[in-house]
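Please have a look at the structure first, and then I will go through the boundary between them.

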Amino acid sequence: MICEIDDNAKAKAPGAGGWRLEHSYGQLPSLLHVAVGPTAVRAPRMVVWNRKLAEELGLDAGADAGRGAMLAEIFSGNVLPPRAAPLAQAYAGHQYGHFTTLGDGRAILLGEQITPRGERFDVQLKGAGPTPFSRRGDGRATLGAMLREYVISEAMHALGIPTTRSLAVVATGEEVWRQDGARPGAVLTRVAASHVRVGTFEWVAARQDEVAKKALVAYTLQRHYPELAGAENLPLALLGAVIERQARLIAQWMSVGFVHGVMNTDNMALSGETIDYGPCAFMEAYEPATVFSSIDRDGRYAYGNQPQIGQWNIARFAETLLSELHPQEEQAIELATEAIGGFGKSFQRQWLAGMRRKLGLFNEEPEDGALIESLLAWMHTAKADFTTTFAELETLGATEPGRASEFQEWLVRWQARLARQPQSAKEVRRLRRANCPAVIPRNHRVEEALAAAEAGDVSVMERLLTVLAAPYDHGRARAADLVEYRMPAPEGGEEYRTFCGT
Ligand code: AMP
Ligand code: MG
């Protein structure tokens, strides 16, 4: 995964072959994008290379010494791959509830890679230099923040949660100035089903460009929801499908204790992928009010608020579609309101289904919701670690008889519930293990890996990435050498803070 750079090999290096770039986004109305290339960096050096992902994309993944140098040139933006047509995307968004125009201020789309399986993925360089949307920003990113996105996005992928991926992090050899002083700069290569966001629709709606809006609706449908092609009311079908995917995504976040941290509408992708890993982190002790972002003072994006914020964002999306939903405004509003109301129901249904799986429940009983809520209520008072509690429910009961009787009573209820389904204990365990990760990116482990990498030692991160790649391998996670990855942070873990926009 890690490339040793050999300067002598640079000249004869073949670079990554296998590029097959197309540019459907660039063909959308010009309101939506600006052609701009990356700004060259001084001394690119590959820090992490996702060989497996490169293979899936059809890129020649081999990172031998010589190729490593050329890969660093490409994934820093110094050398463009064949047929790249770099652009920055225009978009708007509601940030902390306030509407603003944004656009890619530091990200540049090279194009859409067509994989050997015929799939289409955006290949975007994040931190590749200024664009017309940069405003006062420098267009750059820090090595720590890009490695953080790499680790957490790849962990999310391994957890089975839809997400953008990370192909490479290249150190630029340049310094980036942030509040806390000079930091090493880096470029992250982000791979996404697309970068169409709720904010993209807000942008065309704000500009009142009906032609661009229609084009964007058609584009999003074709790219992400081709199965809706025959629908009678296509924009309404799109709204419904986006609601379903977002509700599912947020239910999945909730089921692993993930706090996105900055659910602005520009950070909600219509593909249904998790996007924009800034101040995100995983909750340890169960606490719905958990917030990690240093700037989220009111807890708008707290763990327990995520479903409501998802629905709020969907309402902003629906507003942009009103003119498309029905020629009469009143009826359009009626259709939109009904659809938005469906978000809560869809979330609730998918959340419940996910929690049932975590408890090993195969069938449905009306009291399941209450059973889950009472476990969560106990976890809340006991400040129980979210991940280990779910992963080790059986043993918790057996090994800690001194636990609060509330929990013992709950275990009795759960066992009685399990007894009312035909599945064996083995089947229950299998279902639970497939839905309760043994390992998540623990904040103190992530910080430790980033600090080591920033100091020049990537081995700590490499090891962490290996562990995070198999979160449901409970057998492996129980091995003595991995115990340290399963355990929550020592005292003070709840005080963990993350910093945005770096
Ligand atoms: P985010 O909070 O990461 O979604 O970013 C919000 C907006 O700020 C987007 O338009 C970004 O492109 C822009 N942005 C973030 N960091 C920088 C930077 N260092 N230089 C220029 N633009 C930036
Ligand atoms: Mg963003």
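Let me start with the contact itself, where 32 residues of domain 1 are in contact with 34 residues of domain 2. Please keep in mind throughout that what we are looking at is a predicted model. As for the division, domain 1 covers 3–194, whereas domain 2 is made up of 199–274 together with 290–356, and the centres of the two, taken over C-alpha atoms, are separated by 26 Å.

How much area is buried between domain 1 and domain 2? The figure is about 2,700 Å², with carbon and sulfur atoms giving 65% of that area. If we then ask which residues contribute on the domain 1 side, Leu31, His94 and Tyr96 supply 28% of the area that domain 1 buries against domain 2, and that is more than any other three residues.

Glu112 forms a salt bridge with Arg223, in which the closest N and O atoms lie 4.0 Å apart.

Finally, the secondary structure: on the side of domain 1 that touches domain 2, at least two residues each come from strand S5 (92–95), strand S6 (98–101), strand S8 (120–126) and helix H4 (143–158). The largest share, 4 residues, is that of S5. Sorted by class, this side of domain 1 has 19 nonpolar, 10 polar and 3 charged residues.

How values were computed
Residues are numbered from 1 along each chain as its sequence is written. Chains are lettered from A and ligands numbered from 1 in the order in which they are written. This is a predicted model: local features need pLDDT of at least 70, side-chain atom pairs count only at pLDDT 80 or more; totals for chains, interfaces and linings use all residues. Side-chain values use heavy atoms; hydrogens and water are left out. Domain bounds come from an automatic or database domain assignment. Contact means heavy atoms within 4.5 Å. Buried area is the accessible area (1.4 Å probe) that two parts lose on being put together, summed over both. A salt bridge is a side-chain nitrogen of Lys or Arg within 4 Å of a carboxyl oxygen of Asp or Glu. Ala, Val, Leu, Ile, Met, Phe, Trp, Tyr, Cys and Pro count as nonpolar, Asp, Glu, Lys and Arg as charged, and the others, Gly among them, as polar.
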